[in-house]
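Here is a briefing on selected local features. Please look over the model first.

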Amino acid sequence: RKAYQVQVGDLQGFAVPIKKDCPHALSKHVQQDVIIAKAKGITKLPCQECKDGSENWVCLECGAVLCSR
C-alpha cells in the first residue's frame, strides 16, 4: 500500500488509504463487531495511550482504542 503526503496549511503528514479488501475485515463476525462498536460510540473514544481523539482504530480482538502516533 502506498502512503500519500498531505499538507494542510503549515501542517504536513502522510495519509494511508483504507484497505477495503482485508479478508478479516470482510468476515461476518467482524462486520457485526464494527456495527456494535459504532452503536456504543467506541469509535469516537480517544486513544488509550496518548488521548488523541482523531484517526483512531479499535482492536476487534480486545476492544482497545489506539492510534498510530
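The model is predicted. The whole structure contains zero disulfides.

**Cysteines**
- A search of the whole structure for disulfides returns zero.
- Cys47 has its closest cysteine sulfur in Cys67, at 3.7 Å. A disulfide needs two cysteine sulfur atoms within 2.5 Å, so the Cys47 sulfur is too far away for a bond.
- Cys50 is likewise in no disulfide. The nearest cysteine sulfur to that of Cys50 belongs to Cys67 and is 3.5 Å away.
- Cys47 is buried, at 2% relative accessible area.
- Cys50 counts as partly exposed, because its relative accessibility is 40% and that class runs between 20% and 50%.

**Loop residue Lys51**
- Lys51 sits in the loop that links helix H1 (28-39) to strand S3 (57-58).
- The phi of Lys51 is near 70°, a positive value in a residue other than glycine.
- Most residues other than glycine have a negative phi.
- Lys51 is exposed, with 57% relative accessibility.

- Val8 belongs to strand S1, which spans residues 4-8.
- Is Val8 buried or exposed? Val8 counts as exposed, because its relative accessibility is 58% and the cut-off is over 50%.

Methods: Residues are numbered from 1 along each chain as its sequence is written. This is a predicted model: local features need pLDDT of at least 70, side-chain atom pairs count only at pLDDT 80 or more; totals for chains, interfaces and linings use all residues. Side-chain values use heavy atoms; hydrogens and water are left out. Helices (H or I, at least four residues) and strands (E, at least two) are DSSP runs, numbered from the N terminus. Buried means under 20% relative accessible area, exposed over 50%, partly exposed in between (1.4 Å probe, protein chains only).
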